Amino acid sequence: MTEFGLIDFAARLFADVDRHGWEAIGDDCTVLDIGGGEVVALTTDMLVEGVHFLRGATPARELGRKALAVNLSDVAAMGLRPVATLLSVALPYGAEQEWAREFIEGYSELSHREGVALVGGDTTSSKEGIAVNVVAIGRGAAAHVKRRSAACAGDAVFVAGELGGSALGLDDILAGRYDTPYAALHRNPEAQTAEGAWLGGRSEVHAMMDLSDGLASDLVHILRASSCGAVIDVENIPAAGGNVRAAVCGGEDYKLLLTASAEGAEELQRDFHETFGRELYRVGRIVASEPRIQWRERGVDIDPDWHGFVHF
Ligand code: ADP
Ligand code: MG
């Protein structure tokens with residue numbers, strides 16, 4: 001069974017259980033309307049030693065920040081603000097106290113910067129390897145929630161930053177080059193929390209998610225949820241180092257991917273630039289077709305072998 005086959009299987013098994021107001025499996029967070037025009041959102045993500053990080057190559061403090069950042073990114077992807085987290089860690093016997101202390105310090109550093117409280121968790125041992133699980137809680141206006149299912153034919157497609165840098169950094173790390181700028185980017189991903197909350201407040205933004213597995217696979221989640229297709233202009237993708245394959249197939253960039261009404265697109269880009277001093281990149285458009293990506297290079301359809309990252 002593939003990663004997404006297993007998720008679908010779980011979703012089907014639970015189809016008949018009352019969700020008590022929580023949204024079903026499938027978006028970056030599940031959302032609960034709490035009345036008064038407000039919602040809370042929940043998401044969780046796990047980091048496993050040897051899969052998501054190598055202990056020798058990643059300082060504990062950086063890993064603490066990363067464990068939090070990847071979860072904050074999923075809250076930002078809903079157009080909401082993260083407010084609190086729960087943190088669970090499994091440490092093998094012999095994992096130095098020092099490692100755990102530095103990990104929590106890194107986690108706390110970023111929590112302080114983002115104004116996010118730690119309100120619970122679990123601490124346990126493992127036979128082998130470190131595992132870290134974070135639950136992040138977001139809160140905000142119900143009207144600001146951006147779901148993967150809201151893309152419409154005619155929408156412009158945007159990404160909120162350069163793509164592929166993290167994948168290039170992972171290549172560097174695996175080749176033993178730990179100190180390159182891309183390696184630093186891979187180890188210190190930044191969640192676009194301010195951008196996410198700001199985009200949540202823009203009514204011309206329709207669908208949004210964060211890019212954790214690469215544009216080639218993540219955009220398809222929006223297309224499937226919204227029952228539409230996309231045409232992506234490859235030359236407009238902001239590819240780190242000019243490497244389009246890394247930009248499209250590489251994981252862990254944690255930049256926001258969104259669609260917005262074509263009429264509002266230019267104003268959105270202008271206001272985004274004014275607010276953040278950075279570009280919102282327009283990379284294509286949503287079309288009425290089956291849920292697939294048509295890649296296009298300078299107006300000519302191409303059929304490259306591009307896939308995003310899948311765990312199994
Ligand atoms: P993301 O990359 O945004 O964290 P994922 O691709 O990991 O999202 O997951 C896709 C959807 O499936 C999300 O809604 C997530 O909550 C859900 N999901 C993933 N794994 C499980 C699981 N084991 N059980 C239930 N839901 C899951
Ligand atoms: Mg996500």
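**Ground rules**

I am working on a predicted model, where local features need pLDDT of at least 70, side-chain atom pairs count only at pLDDT 80 or more, and totals for chains, interfaces and linings use all residues. Residues are numbered from 1 along each chain as its sequence is written, chains are lettered from A and ligands numbered from 1 in the order in which they are written, and side-chain values use heavy atoms, with hydrogens and water left out.

**Entry: positive phi**

I returned to S227 and placed this residue in the loop between helix 7 (215-226) and strand 8 (229-233). Helices (H or I, at least four residues) and strands (E, at least two) are DSSP runs, numbered from the N terminus. The phi of S227 is positive, near 50 degrees, and the residue is not a glycine.

I then noted R298, also not a glycine, with a positive phi of about 45 degrees. R298 sits in the loop between strand 11 (293-297) and strand 12 (300-302). I list R298 as exposed because its relative accessible area is 65%.

**Entry: the ligand**

Which residues surround ligand 1? I wrote down F4, I7, I25, G26, D27, D28, D45, D74, R148, D210 and S212. A residue is near the ligand if one of its heavy atoms lies within 4 Å of it.

By type, I sorted this shell into six charged, three nonpolar and two polar residues. In this scheme Ala, Val, Leu, Ile, Met, Phe, Trp, Tyr, Cys and Pro count as nonpolar, Asp, Glu, Lys and Arg as charged, and the others, Gly among them, as polar.

I next looked for polar contacts, meaning pairs of N or O atoms within 3.5 Å; within protein, one must be able to donate a hydrogen and the other to accept it, and residues adjacent in sequence count only if both atoms are side-chain atoms. An oxygen atom of ligand 1 is 2.7 Å from a backbone N or O atom of D27. The side chain of D74 has an N or O atom 3.0 Å from a ligand 1 oxygen. For the side chain of R148, the distance from an N or O atom to an oxygen of ligand 1 is 3.2 Å. On its own, ligand 1 has 560 Å² of accessible area, and the protein covers 62% of it. Accessible areas come from the Shrake-Rupley method with a 1.4 Å probe; for residues, only the protein chains shown count as cover.

**Entry: salt bridges**

Side chains of opposite charge can pair when their charged atoms come close. I count a salt bridge when a side-chain nitrogen of Lys or Arg is within 4 Å of a carboxyl oxygen of Asp or Glu. That rule gives 17 salt bridges.

I picked out the one between E109 and R65, whose closest N and O atoms are 2.8 Å apart. E109 is in helix 3 (residues 97-114) and R65 in helix 2 (residues 60-76), so this pair ties together parts 44 residues apart in sequence. E109 is partly exposed at 33% relative accessible area, whereas R65 is buried at 19%.

R101 and E98 also form a salt bridge, at 3.7 Å from N to O. These two are three residues apart in helix 3, so about one helical turn separates them. I have R101 as partly exposed at 49% and E98 as partly exposed at 40%.

R101 has a salt bridge with E105 as well, with the closest N and O atoms 3.6 Å apart. E105 and R101 are four residues apart in helix 3, about one turn. E105 is partly exposed, with a relative accessible area of 29%.

Which residues join these pairs into a network? I noted R61, R65, E98, R101, E105 and E109, linked by salt bridges.

**Entry: a loop threonine**

I found T58 in the loop between strand 2 (38-48) and helix 2. T58 counts as buried because its relative accessibility is 11%. Its side chain reaches the backbone oxygen of L54 at 2.9 Å.

How values were computed:
Buried < 20%, exposed > 50% of the residue type's maximum accessible area, 1.4 Å probe, protein only.
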